[in-house]
Amino acid sequence: MEFSDLELERLKKLQRLRERGIEPYPARVTRTHTNQQAIDAFAAQEAASDAPHQAGGEAVEAAVVGRLVLVRPMGKASFAHIEDGTSRLQIYMKKEEVGEETYEMFLKDIDLGDFLEAQGHMFRTKTGEPTLRITQLHIISKAIQPPPEKWHGLKDVETRLRQRYADLLSNPETREVFRKRAQVVNALRRFLDNLDFLEVETPVLQPLYGGAAARPFITHHNQLDQNLYLRISFELYLKRLLVGMYERVYEIGRDFRNEGVSYKHNPEFTQLEFYAAYWDYKKVMEVTEQMVAYVAQEVTGSTQIEYDGKAIELGGAWQRLTMREAIKKWAEIDYMDYPTAAELRAAIRARGGHAPDDASWGKLIDGLMGDYVEPQLIQPTFLYDYPRDISPLAKRKPDDARHVERFEFFIAGMEMGNAFSELNDPLDQEERFVEMNRTEDVEAGDAHPLDEDYLRAMRYGMPPNGGFGMGVDRLTMLLTNQQTIREVILYPHLRSSEK
RNA sequence: GGGCCGUUAGCUCAAUCGGUAGAGCAGAGGCCUUUUAAGCCUUUGGUUCAGGGUUCGAGUCCCUGACGGCUCACCA
């Protein structure tokens, strides 16, 4: 990489520092307080005594570190702000107090973006800002590349995503999003752990893929000379564990789907799945409501959030609609009046809707749901009782051959998760797999391999259970008010810019 | 993958009808001892994404490509 003029200027400064015997990248630093601790300690000291600490020698003494983010030199004295992982802190230095050499170094050889160590005593400026009046200043890391604009930050979306470090260092809002993301994951764990779930890890590299309808990424193990797939879901591995007598298991991890990228799709994304023996989908609905409300409360301090300008209440009982009711309401079609794909397709087209030639009955219904219903579901809503032919892992409704005990839930017009009373009848399951392989278009890559080991596991006996899957990225979008998934993924997928 | 839009200084953005490519911040030099995006004076910095074309003349119009944004499709 070549150096720009601005970088060459900084390299000259680096050279000057070294010529004066100053190491710009020392191995060790002195730090007695984080910036926030220095501010808090000073405030506590002020609160405890009546005497104002106007540069008094007895005020809090601190050695702090951080990146230089703003500078205001004023002749023989200067103000600056340094920022560490906790806060910004103003520092103040007088030439006569830090010494001529240090003061010259600060003015001539230190730049915005450099990391500094500063020592001194706290005081409050006449405008009231807690400030460290320093007597010592050291450079602890020289930045060669200048930081983005100090006021506007880094705006260019492509640069922000390709150089996430630059985004993070210049945009505190970005840092906040990913702090909250960590809190979301922590809160989910806490919630499930409190319900006696066991957290487990299952293979990312799978010899067969399944548990969802998506095309996989394919990779290869060299020594075994075996093709492997990056998992598209955890479902089949987690349910095997119920056969193994764990009653409640969950996993939070990465799924990989070789599909299109959009504001709510990234090729790799974080999924939560849990399975609980002896629960059914109604019980899972209740737990879902509680879990999402709990996470919202923990992360944002409220169950009421604002997303994309809309107020959304995540607490309490959510709206519940069957798929059939919802489609009747918004698409004005009762799909039970059209029991074949051909009839339903004609009805949709008569209404001016979109209905692909090769779509099955269930897929047409799913399409109606996506086109007419999903955008309407701003407040949290359970849609339940899905068509059987698009739900090969869900248990049939006892008195209804065309529907299964499945729900998806939607918030802010976005599908957030999917759950069912899991199918635990091994013979029914085998039929579904075979049927799916017969009806799905092999050419389109929709056909899924038949997982015989999973069927064998089921034959040992699987307890009735309720299962659940949710996109953690999407939940994070919701709780951080981000309108695209790439704003809640640190390194989202982008096309390579290599030439 | 389709459609539409975009890409100008390190960063944030201008540039009328096709007529000398600008500003702020950052940088450099100078002044300034309580500032708050400090201020004041001077000043450097451009293959206008790349490559073709039209034209006396292209940041601007046309074509191709790269990358990005939005959107549609895809995503049981």
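Strands here are DSSP runs of E with at least two residues, and helices are runs of H or I with at least four residues, both numbered from the N terminus. Two strands count as paired if DSSP finds at least two bridges between them.

A word on the ground rules: this is a predicted model, where local features need pLDDT of at least 70, side-chain atom pairs count only at pLDDT 80 or more, and totals for chains, interfaces and linings use all residues. Residues are numbered from 1 along each chain as its sequence is written, chains are lettered from A and ligands numbered from 1 in the order in which they are written, and side-chain values use heavy atoms, leaving out hydrogens and water.

Chain A falls into domain 1 (5-146) and domain 2 (169-318 + 379-487), with bounds that come from an automatic or database domain assignment. Taken over C-alpha atoms, the two domain centres are 49 Å apart.

Now look at β5 (residues 130-141). Strand β3 (residues 88-94) pairs with β5 in the parallel sense, over three bridges, and Gln90 stands opposite Thr131 there. Strand β4 (residues 115-124) pairs with β5 too, but antiparallel and over ten bridges; here Leu116 faces Ile139. β4 and β5 make a hairpin with five residues between them, and Gly128 in the turn has a positive phi of about 95°.

Further along there's an open sheet of three strands, ordered β7-β9-β8 with antiparallel pairing. Its edges are β7 (205-206) and β8 (218-221), each pairing on one side only. Four bridges tie β8 to β9 (residues 226-230), and the bridge partner of His221 in β9 is Gln226.
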